[in-house]
Amino acid sequence: MRILLAVMLLAGPAAAGDFGSGARGTTTANFLKLGSGARAAAMGEAFTAVADDATALYWNPGALTQVKGRTASLTHAAHLDASFFDHLSYAQLLRDGEALGVGVQYFSAGSIAETDTTGTEVGSFKPNDLALSVGYARKLRGFSFGLSAKYVQSKILDTAKGGAVDAGVLSPALLDEKLRLGLAVTNLGGKMKF
């Protein structure tokens, strides 16, 4: 038992991240992982099966069918120093069992001093990230299936652009309406290169 515990403790940090020189620049658009909505944040972001407002586009596009009529959501979250994250989404029930959603995610790192190779300040720049989303959901045999497409743009000094898709499913209510299961796969897309 002690050997198993020692192996788990030693292997965990090694598998947690690759900080070698070969891993530099291997991730981008990490702002897509920042959650949306105060209710979802209060629930520890366990919102995939609960989403019933405009933030469903972010958490589980299949849950868009749970919105009542029309709904909108705006999230503004201040981060370190002058950085901030904004998320605006709108969802609308088209007819019974079908829904549409649109959303905008924006992250600003604030103003950063630009320096030359000697360390002399030569100005400033404002890195930012943007994602525009559109999603559709439909009920089929009690289940709700949804798909959304995203245009993603990341700007430091140069700009990188790409696309991503989200897919989600929501089960019908189970156990006398006490349980609902949700599954979402998010941010599947190609590579972005500056």
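Is Val102 buried, exposed or partly exposed, and what is its relative accessible area? Some notes on this and the rest of the chain follow.

1. Before the details, a caveat: this is a predicted model. The chain has 3 helices and 9 strands, and the order from the N terminus is α-α-α-β-β-β-β-β-β-β-β-β.

2. On the opening question, Val102 sits in strand S3 and comes out as partly exposed, with a relative accessible area of 37%. Patch residues need over 30% relative accessible area, so Val102, at 37%, clears that cut-off.

3. Together with Tyr90, Leu94, Leu100, Val134 and Tyr136, Val102 makes up a nonpolar patch on the surface, and the accessible area of the group is about 460 Å². Strands S2 (84-95), S3 (98-108) and S6 (128-140) are the elements that each give two or more residues to the patch.

4. Now the inside. In soluble globular proteins, nonpolar side chains tend to be buried together. Here the largest nonpolar core has 15 residues, and Phe47, Ala51, Ala56, Trp59, Ala63, Leu64 and Ala91 are the ones with the most contacts inside it. Helix H3 (residues 56-59) is the top contributor, giving 4 residues to this core. There is also a second, separate core of 9 residues, with Leu32, Phe85, Ala131 and Val152 among them.

5. Leaving out residues up to four places away in sequence, Ala63 touches Thr48, Ala51, Ala56 and Leu170.

6. Next, the aromatics: I count 4 aromatic pairs. Phe47 and Trp59 pair edge-to-face, at 6.1 Å centre to centre with 70° between the planes. Phe47 comes from the loop between helix H2 (38-42) and H3, while Trp59 is in helix H3, so to speak 12 residues along, and the pair links distant parts of the chain. Both Phe47 and Trp59 are buried.

7. Finally, the whole-chain numbers. Of the 194 residues, 32% count as buried. The accessible surface of the chain is about 12100 Å², and carbon and sulfur atoms hold 60% of that. Among contacts with a separation of 6 or more, 48% are between residues 24 or more positions apart.

Notes
Residues numbered from 1 in each chain as written. Predicted model: local features only at pLDDT ≥ 70, side-chain atom pairs only at ≥ 80, totals over all residues. Heavy atoms only, no water. Patch = residues over 30% accessible without salt bridge, like charges linked within 9 Å, V, L, I, M, F, W, Y side chains within 5 Å. Areas by Shrake-Rupley, 256 points an atom, 1.4 Å probe, with all protein chains shown as cover. Salt bridge = Lys/Arg side-chain N within 4 Å of Asp/Glu carboxyl O. Buried < 20%, exposed > 50% of the residue type's maximum accessible area, 1.4 Å probe, protein only. Core = buried A, V, L, I, M, F, W, Y, C linked by side-chain atoms within 4.5 Å. Contact = heavy atoms within 4.5 Å. Phe/Tyr/Trp six-rings, centres within 6.5 Å; stacked < 30°, edge-to-face > 60°.
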